[in-house]
Amino acid sequence: MRYLDPKADLTFKKVFGEHPDVVRSFLNALLPLPADAEIEEIEYLPAELVPVTPLRKNSIVDVRCKDQLGRQFLVEMQMLWSPEFKQRVLFNASKAYVRQLDVKENYKLLQPVYSLNLVNEIFEPELPEYYHHYKVLHVEHSDRVIEGIQLVFVELPKFTPHTLAEKRMQVLWLRFLTEVNEKTLQVPQELLAEPEIQKAVDVLEESGFTPAQLQGYDDFWDAVRVERTIRESAEERGYAEGMAKGMAKGIEEGMAKGIEEGMAKGELQRSLAIAQKMKQSGVSDPQIMEFTGLTLEQIKSLGK
């Protein structure tokens, strides 16, 4: 049995965008939902977020759905990280939030929007956690929250099964995303014991895809590799250029400083030589200080 990687565009959308029971279990496990307000029913919405005016740009997310309470959920799988991704996520969540109401409706009817973003790269190397939860809150009093939009980013490479053992289903779903791929010979039994994860695993069986879909799957990974190579090459080139400029600047500044220090030292030696002759001629120390600019201590160190 050969499985495909669930992180690819084709497989991710097939697993979570076509099976309401699967995405419901996934969202309940990964989102910071209140304990008494888990998702019970899911209805898929168009993945394309149509702009309010024709001059605005459309946005497309991997999976978009809402539950029985009207809460909306946006899910994205991001293979390569860029700093702009956070702004894109906020933009999409904001667009989904404001489009809930027509101009004549009451703001009280607005329901929360949750954006769940799985990232296959580390983008917060200084932070030990893999789970990052953002929401609007009071800076000094973090218990005061403005409900509306919540963003979650998950750094998949940081995840290890023992990281969050108390959230069992979260661990199992993240194991599904990080452990199942083309090299998998046997899926762990603890994953298959959960009906929704078992169903997700079944969806990944290569035999369930057409030749055209499999070609698209391979093309996706080729594109990811090419983009990563281009980015890494650009980073290496930028690093090398930065090093070269830094070394050139350092050499230039070092030479300038050396010349300056050399000239200052030479000027001092010249002043000391003049002061020595003046001292031998019987000129007073104050007069020597005024003429040479030397300190009294420097002049006295010359002796007689």
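This is a predicted model: local features need pLDDT of at least 70, side-chain atom pairs count only at pLDDT 80 or more; totals for chains, interfaces and linings use all residues.
Which helix gives the largest share of the lining of the second largest pocket? That share, four residues, comes from α2.

**Figure 1. The whole chain, before we zoom in.** The chain runs to 304 residues, and 38% of them count as buried. Its secondary structure comes to nine helices and eight strands. Take the contacts between residues at least 6 apart in sequence: 63% of them join residues at least 24 apart.

**Figure 2. A close-up of the second largest pocket.** Here's the pocket from the opening question. Its space comes to about 270 Å³. Lining it are 15 residues, and N28, A29, L31, E38 and K167 are the closest to its centre. Two helices, α2 (20-30) and α4 (168-179), each supply at least two residues of this lining, with α2 giving the largest share at four. Sort the lining of this second largest pocket by class and you get nine nonpolar, three polar and three charged residues.

**Figure 3. A close-up of the largest pocket.** Now for the pocket at the top of the list, with a volume of about 360 Å³. There are 20 residues around the largest pocket, and M77, Q78, M79, R88 and F220 sit nearest its centre. Which element gives the most to this lining? It's α7, with five residues. Elements that each supply at least two lining residues are α1 (9-16), β5 (72-78) and α7 (211-280). The class count for the largest pocket is ten nonpolar, eight charged and two polar residues.

**Figure 4. Inside the largest nonpolar core.** In soluble globular proteins, nonpolar side chains tend to be buried together. In this model the largest nonpolar core has 50 residues, and the ones touching the most other members are F16, L27, L116, L118, W173 and F176. A separate, second core holds 17 residues, including F85, V89, L101 and I149. Back in the largest core, pick out L118 and see what surrounds it. Setting aside neighbours within four places in sequence, L118 is in contact with F12, F26, V75, E76, M77, Q78, V154, L156 and L177.

**Figure 5. D67 and R71, a charged pair.** Side chains of opposite charge can pair when their charged atoms come close. The model holds 17 salt bridges, and this view shows the one between D67 and R71, with N and O 2.6 Å apart. Are these two partners buried or exposed? D67 counts as buried because its relative accessible area is 6%, under the 20% cut-off. R71 is buried too, at 4%.

**Figure 6. E190 and R175, a link between two helices.** The closest N and O atoms of the salt bridge between E190 and R175 are 2.9 Å apart. E190 lies in helix α5 (residues 189-192) and R175 in helix α4, so the pair ties together parts that are 15 residues apart in sequence. At 37% relative accessibility E190 is partly exposed, whereas R175, at 12%, is buried.

Figure 7. E18 and K14 form a salt bridge whose closest N and O atoms are 3.8 Å apart. E18 counts as partly exposed, with 49% relative accessibility. Elsewhere, a network of salt bridges links D9, K13 and D62.

Figure 8. Look for D202 in helix α6 (residues 195-203). How many residues apart in sequence are D202 and Y3? The answer is 199, yet their C-alpha atoms are 8.5 Å apart in space. D202 is partly exposed, at 37% relative accessibility.

**Figure 9. L137 and its contacts.** Our last stop is L137, in strand β7 (residues 131-137). L137 has 38% relative accessibility and counts as partly exposed. Which residues is L137 in contact with, leaving aside neighbours within four places in sequence? They are S142, R144 and V145. For L137 and E147, ten residues apart along the chain, the C-alpha atoms are separated by 8.6 Å.

Methods
Residues are numbered from 1 along each chain as its sequence is written. Side-chain values use heavy atoms; hydrogens and water are left out. A nonpolar core is a set of buried Ala, Val, Leu, Ile, Met, Phe, Trp, Tyr and Cys residues joined through side-chain atoms within 4.5 Å. Buried means under 20% relative accessible area, exposed over 50%, partly exposed in between (1.4 Å probe, protein chains only). Contact means heavy atoms within 4.5 Å. On a 1 Å grid over the protein atoms alone, a cavity is a set of points where a 1.4 Å probe fits but cannot get out, and a pocket is an open set with protein on both sides within 12 Å along at least five of seven lines; lining residues have an atom within 4 Å of a point. Grid points are joined across faces, edges and corners, and a volume is the space filled by probe spheres set on the points. Ala, Val, Leu, Ile, Met, Phe, Trp, Tyr, Cys and Pro count as nonpolar, Asp, Glu, Lys and Arg as charged, and the others, Gly among them, as polar. A salt bridge is a side-chain nitrogen of Lys or Arg within 4 Å of a carboxyl oxygen of Asp or Glu.
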